[in-house]
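Open the model in your viewer and keep the selection panel at hand. The stops below say what to select next and what is there.

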Amino acid sequence: MAQAKAPVLVHRRIARDHCLMRLKSARIASCALPGQFIHLLCGEPTLLRRPFSLLDADPRAGTLDFIYKVVGSGTRALTHLSPGDRVDLLGPLGTPFKMPPDAETAYLIGGGVGIPPLYLLAKRLLDLPPAGSRRVVAFLGARTKDWVICADGFRRLGIPVHVATDDGTSGHRGSVVDLLRRFLPTTRNRGPAPVLYICGPTPMMAAAAALADRRDLPAQVSLEERMGCAMGCCMGCVVEVAAEPAGSHARFQRVCTEGPVFQADEIVWR
Ligand SMILES: Cc1cc2nc3c(=O)[nH]c(=O)nc-3n(C[C@H](O)[C@H](O)[C@H](O)COP(=O)(O)OP(=O)(O)OC[C@H]3O[C@@H](n4cnc5c(N)ncnc54)[C@H](O)[C@@H]3O)c2cc1C
């Protein structure tokens with residue numbers, strides 16, 4: 001983990017309320033992995049850092065990309081930054097996605113601002129040797145078509161993209177989990193089982209995790225709990241995980257350090 005005062009290289013609006021920012025930080029870009037995040041000082045009036053997943057990390061160019069949705073004071077402060085300004089950041093933080101065993105199919109299921117970390121994951125999955133051995137499919141959910149992000153990025157990677165919107169303005173009308181259900185094998189005997197990678201709003205992740213459990217499919221989730229220090233000290237981001245042994249006292253883990261990526265069946269969904 002490193003701290004950097006990274007210059008902004010690119011900052012542009014990519015969808016309604018969503019912006020992409022590219023920062024220069026060779027040190028962080030050289031070791032960042034899919035599912036990890038950066039913790040940014042967004043500027044006045046927000047004093048605490050804010051976490052954002054990495055959309056991309058290019059070790060050769062030394063750049064980090066992330067997408068943020070403007071929801072409050074921190075993300076609003078970010079909108080005032082221009083190329084050449086510097087941002088104080090910590091990263092890469094957290095535990096990354098685990099790569100699947102050879103030749104598995106990976107289904108990436110993202111909702112809203114949970115989609116960006118799946119893009120970096122897709123790139124790294126496609127890069128895994130032997131070349132061309134992975135089948136990666138993206139399922140992207142959003143409330144409305146103006147909030148569907150990254151679909152063209154996945155398509156440029158050659159990945160099939162299936163979109164669901166709550167209001168039906170793009171793709172399937174309804175939840176991305178309902179859309180996913182149609183593509184899953186009903187039993188493990190029907191061809192190779194896909195590995196699921198899920199990131200999005202908690203109810204969506206809980207539904208996808210339950211579906212994976214019913215179909216006996218391996219699934220990882222990346223949680224986006226609110227967090228304070230992101231260094232494992234403040235305990236502000238703990239989530240309940242399965243008791244060991246089953247039935248014994250409750251266990252908690254920190255999203256910032258043991259997570260944000262967990263096996264879906266580890267989490268106690270409430
Ligand atoms: C590991 C991780 C990765 C993340 N990756 C991204 C990303 O790639 N892009 C992105 O846009 N956002 C991401 N988030 C969420 C992002 O950190 C918050 O949206 C941001 O901190 C909001 O800051 P703010 O000051 O603008 O809003 P605040 O003023 O803090 O909050 C505004 C509103 O948003 C709600 N809110 C704030 N944070 C969260 C959260 N984590 N989950 C649900 N509701 C929240 C608040 O309850 C409030 O209603 C991630 C969060 C985590 C923990």
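## Around the ligand

This is a predicted model. Start by selecting the ligand and the 22 residues around it; Arg50, Gly72, Gly74, Thr75 and Val113 come nearest. By class, this shell holds 11 nonpolar, six polar and five charged residues. Now colour strand 4 (50-53), strand 6 (63-69) and helix 2 (73-78): each of them supplies at least two residues of the shell. Domain 1 (2-93) and domain 3 (225-270) each contribute at least three residues to the shell around the ligand.

## The whole chain

A compact globule of 270 residues would have a radius of gyration near 18 Å, and the chain has 18 Å, so the two agree. Of the 270 residues, 43% count as buried. Among contacts in the chain with a separation of 6 or more, 64% are between residues 24 or more positions apart.

## The nonpolar core

Next, select Ile38, Leu108, Ile198 and Ala208. These touch the most other members of the largest nonpolar core, which has 78 residues. Helix 6 (residues 202-214) gives the most to this core, with seven residues. In soluble globular proteins, nonpolar side chains tend to be buried together.

Centre the view on Ala208. Apart from neighbours within four places in sequence, Ala208 is in contact with Ile109, Val177, Leu180, Leu196, Ile198 and Ala219.

Then move to Met204, which also has its place in helix 6. Is Met204 buried or exposed? Met204 is buried, because 21 other C-beta atoms lie within 10 Å and the cut-off for a buried residue is 20 or more. Beyond its neighbours within four places in sequence, Met204 is in contact with Gly111, Gly141, Ser175, Val176 and Val177. For Val177, which is 27 residues from Met204 along the chain, the separation of the two C-alpha atoms is 7.0 Å.

## Between domain 2 and domain 3

Colour the chain by its domain assignment: domain 1 (2-93), domain 2 (105-221) and domain 3 (225-270). The C-alpha centres of domain 2 and domain 3 are 23 Å apart. Where they meet, eight residues of domain 2 are in contact with seven residues of domain 3. On the domain 2 side, helix 6 and strand 13 (219-222) are the elements that give two or more residues. Helix 6 gives the most to that side, with four residues. The domain 2 side has six nonpolar, one polar and one charged residues.

## Backbone stops

Most residues other than glycine have a negative phi, and most peptide bonds are trans.

- Glu44 to Pro45: the peptide bond is cis, with omega near 0°. Pro45 sits in the loop between strand 3 (37-40) and strand 4.
- Pro129 to Pro130: this peptide bond is cis, with omega near -10°. Pro130 is in the loop between helix 3 (116-127) and strand 9 (135-142).
- Cys150: phi is positive, near 75°. The residue belongs to the loop between strand 9 and helix 4 (151-156), and Cys150 counts as buried because it has 22 C-beta neighbours inside 10 Å.
- Met235: phi is positive, near 65°. Met235 is in the loop between strand 13 and strand 14 (238-241); with 12 other C-beta atoms within 10 Å, Met235 is exposed.

Terms used
Residues numbered from 1 in each chain as written. Predicted model: local features only at pLDDT ≥ 70, side-chain atom pairs only at ≥ 80, totals over all residues. Rg over C-alpha atoms; globule rule 2.2 N^0.38 Å. Contact = placed C-beta atoms within 7 Å. Near = placed C-beta within 6 Å. Nonpolar A, V, L, I, M, F, W, Y, C, P; charged D, E, K, R; others polar. Domains from an automatic or database assignment. Core = buried A, V, L, I, M, F, W, Y, C linked by C-beta atoms within 7 Å.
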